[in-house]
Amino acid sequence: MPGVRDKVAIIGMGCTKFDEHWDKSIWDLVVDACHEAFEDAGVEPKDIKAAWWSSIIGGYLGRSLNYALKLDYIPVSRVENRCASAHDAFINACYAVACGAYDLVLVCGAEKLKDAGIPIPGVVDPAEPYISRVDTRFPPPAAYAQLAVRYFTHYGIPIERGREVLARIAVKNHYNGSLNPKAQFQRAITLEEALKAPIVAWPLGLYDCCGITDGAAAAVITTPEKARQYRDDYVLVKGVGMSCGMYQGEYVDDWSLTSIEENVRASRMAYREAGIENPRKQLDLAIVHDCFTITELVIYEDFGFSARGQAPRDVEAGVYELKGELPVNTDGGLKCFGHPIGASGLRMMYEVYKQLQGKAGRRQVEVKNQLGLTHTLGGTPVDSNTAAVAILGLRGA
Amino acid sequence: MVGVVSYGAYVPRWRLSKELLRRGLKGEKAVAGPDEDSLTMGVAAALDCLKGLDRSSVDALFFASTTSPFKEKGAASMIAAALDLRRDVATADFGGTLRAGTTALKSALDAVKAGSARNVLVVSADCRLAAPGSAFELSLGDGAAALLVGSEGVVAEYVGGFFVADEIYDVWRRDVDLYVQSWEERFIYTQGYLRVLSEAINGLFKKLSVAPSDVGKAAIYAPDARRAVELARAVGMDPAKQLLDPMLDSIGCTGAAHALMLFTASLEEASPGSKMLIASYGNGGDALLFAVKEGVEKLKASRRGVRGHLAVKRPVPDYVTYLRWRGLISLPEPRVPMAVSYPSASAMWRERDRIYPLYASKCKRCGTVQYPVLGPSHRVCVKCKAKDEFEKVRLSDKRGKLFSFSYDFLRGVPIGLVNMEGGGRVFLELTDVDVRELKVGMDVELVFRRLELWRSDGIYGYFWKAAPA
């Protein structure tokens, strides 16, 4: 059977606290995250055969990882695919294990944004250094604000109700974050606080936007056969999916801008591989790319959790809360972790991995189907995105 | 018959109240917005002038300004590109003197008369910088005018002109100067402006055997309202009846463009049969006489002109904002660690068709109009995937509807997706709008503006933005 389903196992994961780490370098964070993963897996650094390294501004070369960890001359590939970088690195590492090229590899993502002043991705884009620069560039809040404007306009949602729906998502994620010692923001907020916060890009306010943070996360992966030698509660990769856009939001004048097609494609690819037909019923939890609350709202629909146009109602009904029908962003999401770009995807997998193992503490959800989804989204709905999804399941699930 | 075939004007909508400059002063002046300069104002006036006309009939474009954004680089060529004029259009940049506008007009008239061009577009704009606190700061304003000179469909026939050259240091700006300088006021008016322009206007009257009373309206460059009245009197005209209000308390003295703007304003109100005097000063004097013809009233309906622009205005909020727009106070450049990316001259050149006239691609197979995002690689149709099967469609003269918008405080620039009439979607900056007025579905038009790129870079980027229609 094509694909990576049940061919790759995660045996160890690590994740630093996501924070303003003024006293730590990116290499400190890498060492902390990777050594937590090594210890969790019960492997020695010297056992690692190859590695994939995900970072946007934290080290442009594969060797950056070996430099931090002093791994001896192993191959390291650096992967950069905007906010989906960690998923992309993970997926490529999975391919290497699934095809038999390596049987024990490391994936690490890290970012140190707080050393860099205020990074404004989108205003300048190192991926396109030679263009004429006449085109409108913009920071992400402005792009996602347009998604909110269109969503509300398209479905005839009054702005007050629309903002309240978004605020409920922020309140939910902040509550979940308040239960997570690794989150940057561990404070629950009220609906009123969220609604009264300063506007960042209308209609998005402060609590609709994720923060800028430092952090690192890592995974040690191997074959299922080998995984058994290390632990019983290893986690299998059930399905992966990825989709890259082509700037359709800017090109096509009948593009509705109420949905992110890349999300739809990437999730269906992963569902097919994982054998998921009803994600709302079959998934135990989902950790998705809530860079902005409107992104999470649209993801509910893009991923088939909510019917088109119904996500606001489901939010109001509490479907996605910690005790709801399908808990989303149980760890607090980007909302509470911030978004060290190259690390976020692995941070999400860390949460699903711990939840599936029953080690999520006060955030523990019921994992009756033993399936959890992770998702990152790089780019914006106005230009285009890279969406990546990885579905993880407990051994035997 | 040679003369003016069409006219257009541009006045930036931003007005600086003189109260902000000196407590108790009345009136205001028009100032270019942060994304405007003489070149962009010139494009706006030219677009007003060319409305409904066949752009391919323009054989030459003359741009006149003392404040071209370039000391060395053709502004006229860029204006011609933005206007999508023919490739074989003759262009010339007139500068250096405040008479540049009328001198360009004279040259255009001469060219048409000589048969070397059928239609010549004369564009004049100025945006002169006065030292903060100086008297010039009270009087200088920004604006542009455009006149199409030809021999068919003439609405103001050229009767004749008289030109005087004069050497004097009265008002000047050296190559190293930021601000306009001048000698003391009595000297510059009595020995410069009044003496030389009287000589030019009297010379014109004598040459054409015209009596001062024959002039219907006089559009005279006026650095100062009182001096213009003195001048009109000195040449035998009745200032109250014949002198056109120099608009110093609504627009200001717009330098090389001033006389042409006043002339445009007078054509907006002219009736056939009257005679118009246009005179400009700057190291000499130019005086030209026109006779207004049938058809002038028809133009009024379709031209925004000086008066149309005057009716739309927004106040500059405070003096500091004005200083920032003029680059006289600079904030530190934002520190952006994601690699600073400067505009590339070769990329701009390669993409010139989609930047200056704003050409979109229309798929010959499926008909989808698509604006080439990131231009250089638009080879494949986004819908039907046909390769290299496009025809060009000009978007810059089309209106659009705002499909979505946003504004963030980090960059401080409103942006929006605009669906163009006839198809196509373009992602643009929005300008000349209060963000609180933005609404999905609002009508917008495209305006050519200077981009705020990296201040330390050596290239000015120019591109289209959307403004409320």
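Helices are DSSP runs of H or I with at least four residues, and strands are runs of E with at least two, both numbered from the N terminus. The legends below describe close-up views of a predicted model.

**A:Pro141 in helix H4 of chain A.** A:Pro141 belongs to H4, the helix that covers residues 140-154 of chain A. A residue counts as buried when 20 or more other C-beta atoms lie within 10 Å of its own; A:Pro141 has 25 such atoms and is therefore buried. When neighbours within four places in sequence are left aside, the contacts of A:Pro141 in chain A are A:Val200, A:Ala201, A:Leu204, A:Cys209 and A:Phe292. A contact from chain B, B:Asp408, is also made by A:Pro141. A:Pro203 is 62 residues away from A:Pro141 along the chain, and the C-alpha atoms of the two prolines are separated by 9.9 Å.

**The cis peptide bond at A:Pro203.** The bond that runs from A:Trp202 to A:Pro203 is cis, and its omega is near 5°. Most peptide bonds are trans. A:Pro203 sits in the loop that joins strand S5 (199-201) to strand S6 (204-205) of chain A.

**Packing of helices H3 and H14 in chain A.** Two packed helices are described by the angle between their axes and by the distance between the axes. H3 (residues 85-98) and H14 (residues 344-356) of chain A pack at about 70°, and their axes are 5 Å apart. Angles of 65 to 115 degrees count as roughly perpendicular, so H3(A) is roughly perpendicular to H14(A). On the H3(A) side the contact consists of A:Ser85, A:Ala86, A:His87 and A:Phe90. These residues meet A:Ser344, A:Gly345, A:Leu346 and A:Met349 of H14(A). Sorted by class, the residues of this contact are four nonpolar, four polar and no charged.

**A:Asn329, a residue other than glycine with positive phi.** Most residues other than glycine have a negative phi. The phi of A:Asn329 is positive, at about 55°. A:Asn329 is found in the loop between helix H12 (311-316) and helix H13 (333-337) of chain A. With 28 other C-beta atoms within 10 Å, A:Asn329 is buried.

**Chain A as the setting of the views above.** Chain A contains 14 helices and eleven strands. Its radius of gyration is 20 Å, close to the 21 Å that the globule rule gives for 397 residues, so chain A is as compact as a globular protein of that length. The C-alpha trace of chain A spans about 55 × 50 × 40 Å along its principal axes. Buried residues make up 63% of the 397 in chain A. Of the contacts in chain A between residues at least 6 apart in sequence, 78% link residues at least 24 apart.

**Packing of helices H1 and H2 in chain B.** H1 (residues 38-50) and H2 (residues 75-82) of chain B pack at an angle of about 45°, and the distance between their axes is 10 Å. H1(B) is therefore oblique to H2(B). The two helices, H1(B) and H2(B), cross in a right-handed sense. H1(B) contributes B:Leu39, B:Gly42, B:Val43 and B:Ala46 to the contact, while H2(B) contributes B:Ala75, B:Met78, B:Ile79 and B:Ala82. Seven of the residues in the contact of H1(B) with H2(B) are nonpolar, one is polar and none is charged.

**Burial of helix H2 in chain B and the residue after the helix.** Seven of the eight residues of H2(B) are buried, so the helix is largely enclosed by the rest of the structure. The buried residues of H2(B) are B:Ala75, B:Ala76, B:Met78, B:Ile79, B:Ala80, B:Ala81 and B:Ala82. B:Asp84 follows H2(B) and has a positive phi, near 60°.

**B:Lys385, a residue other than glycine with positive phi.** The phi of B:Lys385 is about 70°. B:Lys385 lies in the loop between strand S16 (369-370) and strand S17 (390-394) of chain B. A residue counts as exposed with 12 or fewer other C-beta atoms within 10 Å; B:Lys385 has 10 and is therefore exposed.

Of the 469 residues of chain B, 50% count as buried.

Key
Residues are numbered from 1 along each chain as its sequence is written. Chains are lettered from A and ligands numbered from 1 in the order in which they are written. This is a predicted model: local features need pLDDT of at least 70, side-chain atom pairs count only at pLDDT 80 or more; totals for chains, interfaces and linings use all residues. Axes are lines fitted to C-alpha atoms, for helices over the stretch in contact, and angles run from 0 to 180 degrees between N-to-C directions. Angles under 35 degrees count as roughly parallel, over 145 as roughly antiparallel, 65 to 115 as roughly perpendicular and the rest as oblique. A crossing is left-handed if the near helix is turned anticlockwise from the far one by less than a right angle, and right-handed if clockwise. Two residues are in contact if their C-beta atoms, placed from the backbone, lie within 7 Å. Ala, Val, Leu, Ile, Met, Phe, Trp, Tyr, Cys and Pro count as nonpolar, Asp, Glu, Lys and Arg as charged, and the others, Gly among them, as polar. The radius of gyration is taken over C-alpha atoms; the globule rule is 2.2 Å times the number of residues to the power 0.38.
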